[in-house]
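I opened the model to look up its salt bridges and kept these entries as I went.

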Amino acid sequence: MAAPVDLELKKAFTDLQAKVIDTQQKVKLADLQIEQLSRMKKHASLTHAEITSLPDSTRMYEGVGRMFILQSKEDIRGQLVEKQKTADEKIKELEQKKTYLERSVKEAEDNIREMLMARRAQ
């Protein structure tokens with residue numbers, strides 16, 4: 001009877017190992033995305049601060065591909081504020097996803113520990 005339990009444990013360990021590797025890759029990807037969004041948010045914040053200090057009569061251009069389009073100061077400020085809000089929302093979503101992934105791996109590890117304890121008790 002020890003052989004089926006050993007096969008069951010071996011399969012559970014293999015599944016856990018695959019899940020941990022997959023989760024680690026997803027967490028690293030989420031960290032990279034969070035870092036990139038944080039940089040974009042900081043860039044928008046600094047640009048917004050610089051634009052705010054300029055007089056209203058200043059001509060401002062928005063880069064679109066290989067050309068620049070004349071925009072009003074308020075339009076550009078609105079776009080920068082929107083970029084910051086979007087980055088904040090995406091960062092929050094990624095943090096929640098990361099927490100979920102880490103929790104799911106911990107639950108899988110706990111399940112295997114319970115299987116080991118049950119095997120030792122037999």
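This is a predicted model: local features need pLDDT of at least 70, side-chain atom pairs count only at pLDDT 80 or more; totals for chains, interfaces and linings use all residues.

Residues are numbered from 1 along each chain as its sequence is written, and side-chain values use heavy atoms, with hydrogens and water left out.

I then took the total, which is 9 salt bridges in the structure.

Next I checked Lys73 and Asp56, whose side chains form a salt bridge at 3.3 Å, N to O. This pair links distant parts of the chain, 17 residues apart, with Lys73 in helix α2 and Asp56 in the loop between α1 and β1; helices (H or I, at least four residues) and strands (E, at least two) are DSSP runs, numbered from the N terminus. I recorded Lys73 as buried because its relative accessible area is 8%, and Asp56 as exposed at 65%, where buried means under 20%, exposed over 50% and partly exposed in between (1.4 Å probe, protein chains only).

For the pair Asp15 and Lys11, I noted a salt bridge with the closest N and O atoms 3.1 Å apart. The two residues are 4 apart in helix α1, so about one helical turn separates them. Asp15 is partly exposed at 41%, whereas Lys11 is exposed at 53%.

Key
A salt bridge is a side-chain nitrogen of Lys or Arg within 4 Å of a carboxyl oxygen of Asp or Glu.
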